[in-house]
Amino acid sequence: AEVVRDMAPDAELHLVRVNGLTTFENAAAWAVREGIDVVSLSMSFFNESFYDGTGRVSEAVERMAEGGVLLVTSVGNYAQGHFQDTFRDEDGDGYHEFPWGSESLSVDIGAGSGRVLSMNWDEYDSCGLTDFSLEMFNSDGNRVGQADATQDLGGKSCNPVERLDAYRDEPGWYSVKIFRNHGQSAVPFDVLSTRARIHRAVAAGSVPDPGAHPLTLAVGA
């Protein structure tokens, strides 16, 4: 707010509290009703879409744009913690085969417990067709974490997302494997961590909502 005041001293400023998806939608509707010109938002939403301009967050962005409101938003700066690929399993053992010839994704993360990363896949309009799970191993080959949420085809709570929580007794490199329980043979997926560094990370596609929408002015390092 201080920077805006320094650059545009005659601008009228409003502070609107946003702490989740519903309050963001309410704030977007308020901005349109009140004739706000520019909204500055330093916040990201995860696993509400495949970060492709669809979903509830993007719908709110589009309503603001239609109402003449420009959304300026942060991009998250997660390029080093992101990986994107299409599932493949040529040997038929159920595990994804990464482009470098391994079934493991190396992740550098500190010691502790809690969320390491999340995975979502491009089935938000057809959730339940494919079901993945995640496994995490330490350098000794011991499994230290697993994510295996049930994907109920047609269920009200279905969400094509897996969130991996794990206990790490020491900092360093851990291995993550992706297993397909059932579903289609080639599904685009996205892995994102806000706290870990991924070996051979893919910067493209690392911008979460709402910065992924083309109608936002996205700002990042």
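1. A disulfide is a pair of cysteine sulfur atoms within 2.5 Å. Keep that cut-off in mind for what follows. The model is predicted.

2. How many disulfides does a search of the whole structure find? The search finds one. Its partners are C127 and C158, with sulfur atoms 2.0 Å apart. The torsion about their S-S bond is about -80°, so this disulfide is left-handed.

3. The C127–C158 pair links distant parts of the chain, 31 residues apart. C127 sits in the loop between β5 (112–121) and β6 (131–137). C158 sits in the loop between β7 (143–147) and β8 (161–168).

4. Are the two cysteines buried or exposed? Buried means under 20% relative accessible area. C127 has 12% relative accessibility, so C127 counts as buried. C158 has 17%, so C158 counts as buried too.

5. Next, the nonpolar interior. In soluble globular proteins, nonpolar side chains tend to be buried together. Here the largest nonpolar core has 24 residues. Within that core, I178 and V191 touch the most other members. Elements giving two or more residues to this core are β4 (105–109), β5, β6, β8, β9 (172–182) and β10 (188–192). The largest share, four residues, comes from β5.

6. Look closely at V191. Leaving aside residues up to four places away in sequence, V191 touches G81, H82, F83, L105, L117, S118, M119, I178 and I198. Another core, of 13 residues, lies apart from the largest one. Its members include F24, A28, I36 and V57.

Technical notes
Residues numbered from 1 in each chain as written. Predicted model: local features only at pLDDT ≥ 70, side-chain atom pairs only at ≥ 80, totals over all residues. Heavy atoms only, no water. Buried < 20%, exposed > 50% of the residue type's maximum accessible area, 1.4 Å probe, protein only. Core = buried A, V, L, I, M, F, W, Y, C linked by side-chain atoms within 4.5 Å. Contact = heavy atoms within 4.5 Å.
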